[in-house]
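Have the model open as you read.

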Amino acid sequence: MSGAGGACFDFAKGKCNRDNCRFSHDQPLEERKAAECFDFKRGQCTRGETCRFSHGEEASGLQDVLENPDYQPFTCTVCEIEINYDYQGRKPPYARNISFLEDGYFRRDPFSVDPHPLFLGGLCSVCGVPVCAALTCSFFYAKRFCLPCGSDNIVAFPVEIQQDIKRNSQPANATSA
């Protein structure tokens, strides 16, 4: 079938059910998907699997995270967890219209069809060491603080934050009296 109205986008998605479609069904799926999706490259494609353009290898999710040379290791100095990140700053390119209140380490969510940022952690505003976002490692109160610096400066924080610092500084197996 060759239509005069250009390519059939429904056919490209495998969803055209018109008997006499006025759009072309001639182009094989491989060729239709050969063109790169510029929105996806900028982290702004909202069409997911229905997109008529290729999302390339980046669409492979977790496999991409494991093999992508653009990822760098982020290591928390408190818990020593190591997580790969692909962006450092306040506005990951795949975060659409989101700006964070602090510079941080981010990575794409490997389990999301659309790219969403995962905040991994940031630098302590007192000592400058990298700390993950786990409650037992850091907290955010106008700035990021590692728990050791928060404990050392506990009187500088409001009572509610002091209680959080004390609670999160306790070993996991400690019992409260």
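Which residues form one aromatic cluster? They are Tyr87, Phe100, Phe106 and Phe119. Before going further, a word on what you're looking at: this is a predicted model, where local features need pLDDT of at least 70 and side-chain atom pairs count only at pLDDT 80 or more, while totals for chains, interfaces and linings use all residues. Residues are numbered from 1 along each chain as its sequence is written, and side-chain values use heavy atoms, with hydrogens and water left out.

Back to the rings. Searching the whole structure turns up 10 aromatic pairs (rings of Phe, Tyr and Trp, the last by its six-membered ring, with centres within 6.5 Å; planes under 30 degrees apart count as stacked, over 60 as edge-to-face and the rest as tilted). One of them joins Tyr85 and Tyr105: their ring centres sit 4.8 Å apart with planes at 80 degrees, so this pair is edge-to-face. Tyr85 belongs to strand E2 (residues 82-85) and Tyr105 to strand E4 (residues 104-108), so the pair ties together parts that are 20 residues apart in sequence. (Strands, E, are DSSP runs of at least two residues, numbered from the N terminus.) Both Tyr85 and Tyr105 are buried, where buried means under 20% relative accessible area, exposed over 50%, and partly exposed in between, using a 1.4 Å probe and protein chains only.

Phe106 is buried at 0% relative accessibility, whereas Phe100 is partly exposed at 25%.

Last stop, the backbone. Most residues other than glycine have a negative phi. Glu80, however, has a positive phi near 65 degrees; you'll find Glu80 in the loop between strand E1 (72-75) and E2, exposed at 61% relative accessibility. Ala142 also has a positive phi, near 70 degrees. Ala142 sits in the loop between strand E7 (138-140) and strand E8 (144-146), and at 65% relative accessibility Ala142 counts as exposed.

Methods
Helices (H or I, at least four residues) and strands (E, at least two) are DSSP runs, numbered from the N terminus.
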